[in-house]
Amino acid sequence: MIEIHNLDLRNKTILEVGTGRGGTTLELIELLKKFPSAKLITSDIIDVKEELMQFCQGFMNVQNRITFIQSDATDLNSIPNESIDIIIVNYTLCAINSIIGKLTIAINRFFHLLKPGGILLIEEEYPIKSAKTENQFIWADKWRMLKTALISSGNLPFNEIHPDQLTQILSLFNFIEIEREDGLNMLHHSEILPLFEHQISGNISSNGDSYLEKGLLKWAGKIKKKIEKLEFMEIPYYRLSAKKT
């Protein structure tokens, strides 16, 4: 299984789909320092260019090799076909998959963007029904609550895809050498709770239904207490790598 930190980026053009909060972007920027001939294109459906420039502060020798594109993952039309060596999609397919059909359209777009022999790297959380331990049940309950809040406020919830189905889809688009690695992220409550609070404040909306809002907040409060008691959350994830023919 290919891991980001083991990539040889000499003369490579990397596309990151889903800049998001910038976690993977920062890792890639660090890698660019080691490979002066590498270039990074990072994209997101919302404009995070200003935040990206803040990420680049202190990395003056790589700024001219980083490009941000605001685009839907099914679009990316400003990027020529067969111009990308490596596509990295971390914790983004679940958002793309919130609309039926978009996941397959995005995978098709990734295939056309990659050069022959190019590599697609994906990292995602498992579907919440995969929870097997007490800590994982809390993780799953957290997502059930957030999905309920999103739906009640008129938004689309993230929709995880199981690696077995994703592998089949990649095969249908003629990706080869598909490899999978399973893992567990053990995150301390000091890492989980601030983000959880942010998600709660951004997604719980009463829409005039105060009973619903109170119910969601009560549910969230119980989850927070469980996280604090156990001190960490166990999150099952998987990585897939695939090569274009």
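I started with Glu-82, which sits in the loop between strand S3 (66-70) and strand S4 (84-90). Helices (H or I, at least four residues) and strands (E, at least two) are DSSP runs here, numbered from the N terminus. I have to keep in mind that this is a predicted model, where local features need pLDDT of at least 70, side-chain atom pairs count only at pLDDT 80 or more, and totals for chains, interfaces and linings use all residues. Residues are numbered from 1 along each chain as its sequence is written, and side-chain values use heavy atoms, with hydrogens and water left out.

**Backbone angles**

Back to Glu-82: I looked up its phi and got a positive value of about 55 degrees, although Glu-82 is not a glycine. Is Glu-82 buried, exposed or partly exposed? Its relative accessible area is 46%, so I wrote down partly exposed. The cut-offs are under 20% for buried, over 50% for exposed, and partly exposed in between (1.4 Å probe, protein chains only).

Glu-177 also went on my list, with a positive phi near 50 degrees in a residue other than glycine. I found Glu-177 in strand S6 (residues 175-188).

**Salt bridges**

Next I looked up charged pairs. Side chains of opposite charge can pair when their charged atoms come close. A salt bridge means a side-chain nitrogen of Lys or Arg within 4 Å of a carboxyl oxygen of Asp or Glu. How many salt bridges does the structure hold? I noted 13.

I picked Glu-3 and Arg-239, whose side chains meet in a salt bridge at 3.7 Å, N to O. This pair links distant parts of the chain: Glu-3 is in the segment before strand S1 (13-17), Arg-239 is in strand S7 (residues 232-244), and they are 236 residues apart. Glu-3 is partly exposed at 22% relative accessible area, while Arg-239 counts as buried at 17%.

Then I checked Glu-160 and Lys-147, which form a salt bridge of 2.9 Å, N to O. Glu-160 lies in the loop between helix H5 (134-152) and helix H6 (163-172), and Lys-147 lies in helix H5, so the pair ties together parts that are 13 residues apart in sequence. Both Glu-160 and Lys-147 are buried.

My next pair was Asp-182 and Arg-180, with their closest N and O atoms 3.2 Å apart in a salt bridge. I have Asp-182 as partly exposed at 46% relative accessible area, and Arg-180 as partly exposed at 37%. I also noted a network: Glu-3, Glu-123, Glu-181 and Arg-239 are joined by salt bridges that share partners.

**Glu-123 up close**

Glu-123 counts as buried, at 12% relative accessibility. Its side chain makes a polar contact of 2.9 Å with the side chain of Arg-239. A polar contact is a pair of N or O atoms within 3.5 Å; within protein, one must be able to donate a hydrogen and the other to accept it, and residues adjacent in sequence count only if both atoms are side-chain atoms. What does Glu-123 touch, not counting residues up to four places away in sequence? I listed Val-89, Asn-90, Tyr-91, Tyr-237, Tyr-238 and Arg-239, with contact meaning heavy atoms within 4.5 Å.

**Ser-190**

Last stop: Ser-190, in helix H7 (residues 189-203). I put Ser-190 down as partly exposed, at 47% relative accessibility. The side chains of Ser-190 and His-188 are joined by a polar contact of 2.9 Å. I also looked up Phe-232, which is 42 residues from Ser-190 in sequence and 8.3 Å away in space, C-alpha to C-alpha.
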